[in-house]
2 protein chains.
Amino acid sequence: MISKKMEPLVNNNSAIRAMFEEGLQMKKQFGAENVYDFSLGNPSVPAPAAVDHAIRAVLAEEDTLTVHGYMPNAGFEDVRAALAESLDRRFGMDYDAGDLIMVVGAASGLNILLKTILDPGDEVVTFAPYFVEYGAYVRNYDGVLRVVPPHAPDFQPDLEAFAGLLTEKTKAVIMNSPHNPTGVVYSEETLRRLAKILTDKEREIGHEIYLLSDEPYRELAYDGVNVPYVPWYYPDTIVCYSYSKSLSLPGERIGYVAVPKSVSDHDALIAAAVIANRVCGSVNAPSLMQRVLKRCLEEKTDVAVYDRNRRRLYEGLTQLGFECVRPEGAFYLWMKSPVEDEKAFVAAGKRYHILMVPGSSFACPGYVRLAYCVSYETIERSMPAFAELAKEYGL
Amino acid sequence: MISKKMEPLVNNNSAIRAMFEEGLQMKKQFGAENVYDFSLGNPSVPAPAAVDHAIRAVLAEEDTLTVHGYMPNAGFEDVRAALAESLDRRFGMDYDAGDLIMVVGAASGLNILLKTILDPGDEVVTFAPYFVEYGAYVRNYDGVLRVVPPHAPDFQPDLEAFAGLLTEKTKAVIMNSPHNPTGVVYSEETLRRLAKILTDKEREIGHEIYLLSDEPYRELAYDGVNVPYVPWYYPDTIVCYSYSKSLSLPGERIGYVAVPKSVSDHDALIAAAVIANRVCGSVNAPSLMQRVLKRCLEEKTDVAVYDRNRRRLYEGLTQLGFECVRPEGAFYLWMKSPVEDEKAFVAAGKRYHILMVPGSSFACPGYVRLAYCVSYETIERSMPAFAELAKEYGL
């Protein structure tokens, strides 16, 4: 009785679940501290203390019917106004409350935007490696995901291949920088070229191509790297943001969609997306967390913790002879498998109690992802295990 | 650039929005206290104090990474286990954690279930009058909503007409009791007959028909009326529950889906629904609210407040000569329009500053809905206005 569209998702999920169960089993068998689990992108830095302070303050100071009650489906007007002001100040934009929709995390934001713009058969382009659920999101609305092949070794997007994939049917492009799973930050030069290609194509095909910028990792950048603000480069950019990583609130499901005034069909698009937010079942972003957010707009997670992990892991692994992309953002290290079949390498890692995610899970075989949002001790303790693994592969 | 599927939703929404804007305008012009707004189903009773206490206790006592962090997409295991135990005790069920999925409200619960079971062209049956977004939910997954005509004057479902609408393509039925917009509670006798029809039809067509019981108003019943637990009567019942009304938390988006062990394809259905929860974009129910819920399972909103409103409004309006369905549950009064064109009646009401929702918005013209989740004073003050309105219609 399961829908035919759901069947492949269920089968694929069983594989991921099997991996997860295996990890649990290993932790039970060997003790959690003896398993080096780099498989999960769950923030290891707690939410800033200001978040819990703000929760208490909201409960103490604000009207309880408002705090827990319905508001317009786009979110509380005053929260959106404050957020707009903060974004305007940070990025020199001219957002106001009406340009923002509070959403149940970036995954929901992407879904309501795709629901809003896709007709069956419409195409969406993204860049491998990519978060595979993009495919499920696009197929939810009977769209077709076109994937630009990965561009080793720097993993900046392959823009020539990208240009070749754009067609009359292209309605949207999904980009993600800082990038899961590679840790790459798209450079200003990349964004300029990307924008030029899209603008030319828009003119050629006579309709808009929306660039959906999925930005949960925006605040996680290192070495002073600048994460350019995508709407500066391309007028039809829509930003999908989540506080899952920047405030370490992944379970709370709070984020926003920002539609700059430069976006084509701006008003109609926002009106439809707000309705999509309702009819897709989210209705609105959680109300208490919206109220809290208004008081935490200038808060950030402690990036120094991830940075320390990043350096230790990158240096440790490259010293052992592994080939890694030096991460500039997010909390992932992207490592080349010493053998073509990275699933075999992942399996070998497990024998040393190391859990990594195969690149195939991001449509990029031959690589593995290590999430370093773990304790520093886990990284330290994992090094001898990685040394054994390197030895096994003759590094 | 808006998807063709979204266009009718956008157009319809503009009408609702116009009504809402007109209400705002009236309140500005005449003062909020002089406008009798019965249009919104937003709880007027605050969340029990225990909810805010529980929020503070969770923050003080529980691990912050857990409180705000990811958990399995179905929800925290311990929260589901506690909820299962509470439901088992209340309803004599044998739920355990694995039978429950925490969701972003009942709207999200219905969406993920429909996503799970519907193939294009599959049919879902519901009973008029009904919450029109059921239609949008079903069309999200290319299903077809079949509507059983309303059954005046008692507005119990017309089960003969219902039986006639079931076909080989029927995958699900959506029912809602206590009922929006009529305030009717489906009787035990109704549920027995409904179950018999469905069971016979399942046998005839050779596949399951899931009965999706949308129950946000379960705890809101009056006059000692018993709200029968639907899974007792029909094994393929799936319950969609929300705490929006029972704990006055509509903005927080917290509810659950309960899949009794008797449901066909139980395990596959739950596995798929959990994936649907993720790929539809909700990912999981808000984490803090899940933790809070575990501490508030025995809490209830103060139904006496709604009951007092209900009596005053029902008695006041019937004394004036209006014909009303005596509400047994929820917080809606369903009133017959004195003229066939209830939209004209609603427009006339506005001249006396009375805001009501036309029955056409629930696929049942000739009636109007009054939401009495307002202050008692609003009801008191509205009575002279209703008296004028009655006079205008010669009552």
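Student: What kind of model is it, and what does it score for ipTM and pTM?

Tutor: It is a predicted model, and it scores ipTM 0.96 and pTM 0.97. For chain A, the mean pLDDT is 96, with 100% of its residues at 70 or more.

Student: OK, and how many residues are in contact between the chains?

Tutor: In chain A there are 62 residues in contact with 62 residues of chain B. On the side of chain A that touches chain B, at least two residues each come from several helices, among them α1 (7–30), α2 (49–61), α5 (105–117) and α10 (266–279).

Student: Which helix gives the largest share of that side of chain A?

Tutor: That is α5(A), which supplies 8 residues of the side of chain A that touches chain B. Sorted by class, that side of chain A has 33 nonpolar, 19 polar and 10 charged residues.

Student: Switching to the sheet in chain A, what is the strand order?

Tutor: The sheet of chain A is open and has 7 strands in the order β2-β8-β7-β6-β5-β3-β4, with mixed pairing. Its edge strands are β2 (100–103) and β4 (144–148) of chain A, each of which pairs on one side only. On average, and with direction ignored, neighbouring strands of this sheet are turned by 20° against each other.

Student: Do β2(A) and β8 of chain A run parallel or antiparallel?

Tutor: They run antiparallel, and 4 bridges join β2(A) to β8 (residues 255–258) of chain A. Within that pairing, A:Leu100 has A:Ala258 in β8(A) as its bridge partner.

Student: Which helix lies across those two strands?

Tutor: Helix α4 (residues 77–91) of chain A lies across β2 and β8 of chain A, and it runs at about 115° to β2(A). Another helix, α6(A), packs on the sheet as well, where it touches β3 (123–127), β4 and β5 (170–175) of chain A, and its direction makes about 150° with that of β4(A).

Student: Now chain B. Why is one side of β2 and of β4 left without a neighbour in the sheet?

Tutor: In chain B, β2 (100–103) and β4 (144–148) stand at the edges, each with a single partner strand, so one side of each has no neighbour in the sheet.

Student: And how do β5 and β6 of chain B pair?

Tutor: Strand β5 (residues 170–175) and strand β6 (residues 210–214) of chain B pair in the parallel sense over 4 bridges. Here B:Ala172 stands opposite B:Tyr210 in β6(B).

Student: Last one: at what angle do α4 and α11 of chain B pack?

Tutor: Helix α4 (residues 77–91) and helix α11 (residues 287–295) of chain B pack at an angle of about 35°, with their axes 9 Å apart, and α4(B) passes α11(B) in a left-handed crossing. The contact is made by B:Asp78, B:Val79 and B:Ala82 of α4(B) together with B:Gln290, B:Arg291, B:Leu293 and B:Lys294 of α11(B). By class, the residues of this contact are 3 nonpolar, 1 polar and 3 charged.

Technical notes. Residues numbered from 1 in each chain as written. Chains lettered and ligands numbered in written order. Predicted model: local features only at pLDDT ≥ 70, side-chain atom pairs only at ≥ 80, totals over all residues. Axes fitted to C-alpha atoms, helices over the stretch in contact; angles between N-to-C directions. Left-handed = near helix turned anticlockwise from the far one by under 90°. Contact = placed C-beta atoms within 7 Å. Nonpolar A, V, L, I, M, F, W, Y, C, P; charged D, E, K, R; others polar. pLDDT = per-residue confidence, 0-100. Pairing = 2+ DSSP bridges.
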